[in-house]
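Biologist: Before we discuss the labels attached to this model, could we look at it together and ask what each label rests on?

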Amino acid sequence: MKPSNFDYCRPDSVDEALSLLSEYGDDARIIAGGQSLMAMLNLRLAAADVLIDIGRLQELSECRQVGGYLEVGAAVTQAKLLNYPGLAEIQPLLAKALPNVGHFQTRNRGTVCGSIAHADPSSEIPLCLAALEGEVVLRSASGTRTLSAADFQTGMLATAIAPGEMITAARFPVAEQGAGYAFAEVARRRGDFAIVGLAAIARNGTLRLGAGGVAGKPAILEWQIEAGQLDDALNGFAWEMEGEDDIHATAKYRRQIVRQLGRKVLEEAKSCSS
Amino acid sequence: MTDTKTLNVGQPLERTEDLRLLRGRGRYADDLPVSPRTLNAAILRSPHAHAEIETIDITEAMSMPGVAAVITGEDVAQHSDPFLVALRQPLHQWPLAVGRVRYVGEPVAVVIADDRYLAEDAVDALQVSYKPLPSVIDPEEAASDGAPLVHEEAGTNLVSVRDFTYGDPDAAFAEADHTFKLTTQFPRHSYMPMENFVVVAEYKIEDESYDVLSNFQGPYSTHPVMSRALRVPGSRLRLRTPRDSGGSFGIKLAVFPYIVLMSVASKITGRPVRWVEDRYEHLTAANSCPNRVTTLEAAVTKDGVITALRFDQLEDYGAFLRAPMPGPLYRMQGAITGAYAIDNVAITNKIVVSNKMPAGLVRGFGGPQLYFALERMTNHIAGELGMDHLDLIRKNLIPAGSFPYKAAAGSLLDSGDYQKAIEITTGEGRLEDLIKRRDAARAQGKLYGIGYAAIVEPGMSNMGYLSTLLTAEAREKSGPKNGAISMATVNVEPMGTVSITADCMPQGQGHETILAQIVSDQLGLAPEDITVNVEHDTQKDQWSIAAGTYSCRFTPGTAVAAQMAAAQVRDKLAKIAAKNLNTPAENIEFTDGKIHAAGNPDNAISFGRVAGTAHWAPAELPDGMEAGIRETASWTPPELEAPSPGDHINTSLTYGFVFDMCGVEVDPVTAMVRIDRYVTMHDAGKLLNPLIAEGQVLGSFAQGIGTALHEEFLYDDDGNFLTGTFADYLIPTVAEVPRPEILHMASPSPFTPLGAKGMAEGCCMSTPVCIANAVSDALGVNVAQLPMSPKRLHALIDEDEPPRPSGAGQ
């Protein structure tokens, strides 16, 4: 369980990181907290000739509110976001979801954007980003582009990051006045990958439910409250995700969770809304 | 010693080990210095459950930087012999696959290189051509006719079948008012040490010997297995174990094939070789308990008295029968009736091999397998008869006052009062509280159940129990095996300081603390005056085949040898002091560093002065006394006899009692189990150190929770291993383990001089089935398989779901 040989660079600026990226191309990988990538390198499930460590870049280590978004720099750890002053008011969904991300120790190193870049189907942060309709900011030597969460994550462990690009920030919409947010997940143990993770938003007569851990990427159900029976909508949603059996749960178990816990978490979001 | 002074034994002294361990000053096997010439090993492992190895191309790997050698099965077969097997069956195993692989993870080749990184690079460059063969994973399928053969030479996967009859079970079944039958499946799992296997091996060409440092834990009956495999006399396999261990739970016995492998690698390369197992290797290939399918039948009167049991035990040992397997199937043989007075027993023990990792020692060692079947059965009987489970347990317990009690299959249960233990546990409102909690939860529509488990916990194994596997005639031929020798040496240096070495390999138990307690009591010193060295060296220290730390042998075994060695020192010192004090040796006492006449503390001489005489002035010693003070004691209890011609076997020396009760709630949506309240009662005789005993109970309880709810090695139908990381193989963390309420009572063992019994495995045996009984009660089903994962429980409570709406997916 030792990684194959690699070079390690620690640039002093995003520009330098981008020039290293364009110099080494596909042979390079960005590393920040290393909570997913190091394990994959050690198991030799991933390999890189060069690691570009952006974990200490000052310009990426800030959270700030810009234009209706909470913008989280690519070097911000999960712990730092969780402890961001006023997070429970700025975006309650993040405040409710982040304690479920790994453990105290891993949150101290793992970054918010690293989790988004890794794109594990059962991760809480990509799920929140998708449920909230957030954005990912990508930079390359040739410029900056912003993708919606839906466009960014293309599938299981797959994203739209292009060669030479890196994530510089994720943007989470700040809470809307009167909207309610709730999060719940089922995992075998505290801190485990979710078998099913559920993020719910209630606002303006609309319910929005994001589900992780079932399909290859977070799936979204949006439903108008006046449209009638929620149970049918949840049942359709549960089936449409085409979840599969694995060692921890059956597809049927996942559907039951989506139907039953989904209703519960939506009701909780509704009760938090006004 | 006087009666008035407080003994150190029995006190809840803090562990002396913790001072260094909690400060990060532990020195584990991989922390110890090695020769700068040392090379490092990495192992290529089989991706196939069963395949022929056609070719291994090492050319590219050998050309890589830093690579000294690539070792394959051919090399190993040239330099070593296959391991001895307890069963007379051709199940040949070398530490590397020779010609054929039989489980995913089996070592196929070893790269020896300057460092582990380079070695792993070269492992990736090895080219092996396999011809896949049909594999067999499920034990019942493996045991059936026509199954693919794991070892063709054996001609069958069912390599041993033995029937045993004690009493007259057929008559009891014929006369029974009721008979019941339950089939249970115990899973494959292990308990995870934080520190994995470590071996540093050096071949010494000058005397053709091997010098090995490893975190091996015994039993040392495996030492001859290793030296035979290496084709050297035992004295030329020097095995050293370090002071500190990062946990074992039985697992580190299974390092022994790697000791042989790295020894061969050192011989081939002419350099010391180090191998440190990584977690992926550990999960995939280190060790598992055997999985067992038990079909248990019970003959019962209309009043709920169990008159006979009939066991059919099919135990799956994986691809090989490594020494000392099939221990788990036979360790509980004598005590197979557990805490119950049942005179008639029939047993069929079946051993099957399959294409899975080989089984080995895991804390509990046969106990969890037995009690999952037996205590699920008593719960089942109670339910079927409309009786309270606790009443049925009470009705069948071995009567108080009948100890030592000869159990039907031969165990001599030393002491106990099981009724009183249950009375204490249920008393002080504990049972009423559980019932109140259940009733309140059920009134709210919740799935809540109560479970009980009553078990007997063996301590210190009879080295002869495994021979029950052979017929009486075969035993006659191979010579008797019995006993369980423990050894310790107490040394007094010229200035009167005292040190002790022993035949144990502690893995976190706190042996250093307890040995100091025992020796200090004998010599009238303080525990901190005793230097304890638990490093072990087969060329320099006392040991016999039972040496090691396993099967709860320290308290009934090594601790006794330590007391005996210290008493021998005391007797010698008393004889020396008698002359100075002008009083007979029998009249001499040891108190607070002084040796004095009984009842006259002023007529005293210092401990150091008397001890010094033996070194500085041997001419002053009483006539015939040896100079110097170094006493080795050897202890083997007479109760551990060889199996009788009728296969009765006293499998262990001490038998503690554990009674657990708990309340659990099952979430109807997630099928997750929440433990609401847990009470565990232990009667382990006299406790040598109650604080350490509590730690043992907490640890075994946490691991019992793992067995009940989380831990399982999984394979798919093709034998692919599915639980190779800690994201898949789940260990309970502190968040999953509630604090149990621990109770003790003490029925001292008449068979151990200290009155103490082994007690480190109890909740590994009782907790899984206690929770299974509670979950069965909560759900109104018979839980028949562990662990009770949400996936498995969900299948038990699952209802029809709303159908797929037309247009949804597909």
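This is a predicted model: local features need pLDDT of at least 70, side-chain atom pairs count only at pLDDT 80 or more; totals for chains, interfaces and linings use all residues.

Biologist: What makes H17(B) and H18(B) roughly perpendicular to each other?

Modeller: Helix H17 (residues 554-581) and helix H18 (residues 607-616) of chain B pack at an angle of about 95°, with their axes 9 Å apart. Angles of 65 to 115 degrees count as roughly perpendicular, and the two helices are therefore given that description.

Biologist: Which residues make this contact, and how do they divide by class?

Modeller: H17(B) brings Leu573(B), Ile576(B) and Ala577(B), while H18(B) brings Val610(B), Ala611(B), Thr613(B) and Ala614(B). By class, the residues of this contact of H17(B) with H18(B) are 6 nonpolar, 1 polar and no charged.

Biologist: How do you know that E4(A) and E5(A) pair?

Modeller: Two strands pair if at least two bridges are found between them, and 4 bridges join E4(A) to strand E5 (residues 69-73) of chain A, with the two running antiparallel.

Biologist: What leaves one side of E11(A) and of E14(A) without a neighbour in their sheet?

Modeller: That open sheet is made of 4 strands in the order E11-E12-E13-E14 (chain A), and its pairing is antiparallel. Strand E11 (180-186) and strand E14 (219-224) of chain A stand at the edges with a single partner strand each, so one side of each has no neighbour in the sheet. The twist from one strand to the next averages 15°. Within this sheet, strand E12 (residues 196-203) and strand E13 (residues 206-212) of chain A pair in the antiparallel sense over 7 bridges, and Gly210(A) in E13(A) is the bridge partner of Ala199(A).

Biologist: Which elements make the right-handed β-α-β unit in chain A, and how do its strands run?

Modeller: The unit is made by E2(A), helix H2 (residues 37-42) of chain A and E3(A). Strand E2 (residues 28-31) and strand E3 (residues 50-53) of chain A run parallel and are joined by 4 bridges, with Ile31(A) standing opposite Asp53(A) in E3(A). As for the hand, a crossover is right-handed if the path from the first strand over the helix to the second runs clockwise, with the strands pointing away from the viewer, and this unit is assigned that hand.

Biologist: How many residues of chain B are in contact with chain A, and which helix gives the most?

Modeller: Residues are in contact if their C-beta atoms, placed from the backbone, lie within 7 Å, and 27 residues of chain B are in contact with 26 residues of chain A. Helix H4 (116-125), helix H9 (279-286) and helix H21 (790-797) of chain B each supply at least two residues of the side that touches chain A, and H4(B) gives the most to it, with 4 residues. That side of chain B has 12 nonpolar, 5 polar and 10 charged residues.

Biologist: What do domain 1 and domain 3 of chain B share by way of contact?

Modeller: The domain assignment gives domain 1 of chain B as 16-26 + 485-635 and domain 3 as 291-465 + 641-797. Their C-alpha centres lie 38 Å apart, and 17 residues of domain 1 are in contact with 21 residues of domain 3 of chain B. On the domain 1 side, the largest share, 6 residues, comes from H17(B), and the residues of that side divide into 8 nonpolar, 8 polar and 1 charged.

Biologist: What kind of peptide bond joins Ala323(B) and Pro324(B)?

Modeller: The bond is cis, with omega about -5°, and Pro324(B) lies in the loop between strand E14 (306-316) and helix H10 (327-330) of chain B.

Notes: Residues are numbered from 1 along each chain as its sequence is written. Chains are lettered from A and ligands numbered from 1 in the order in which they are written. Two residues are in contact if their C-beta atoms, placed from the backbone, lie within 7 Å. Ala, Val, Leu, Ile, Met, Phe, Trp, Tyr, Cys and Pro count as nonpolar, Asp, Glu, Lys and Arg as charged, and the others, Gly among them, as polar. Axes are lines fitted to C-alpha atoms, for helices over the stretch in contact, and angles run from 0 to 180 degrees between N-to-C directions. Angles under 35 degrees count as roughly parallel, over 145 as roughly antiparallel, 65 to 115 as roughly perpendicular and the rest as oblique. Domain bounds come from an automatic or database domain assignment.
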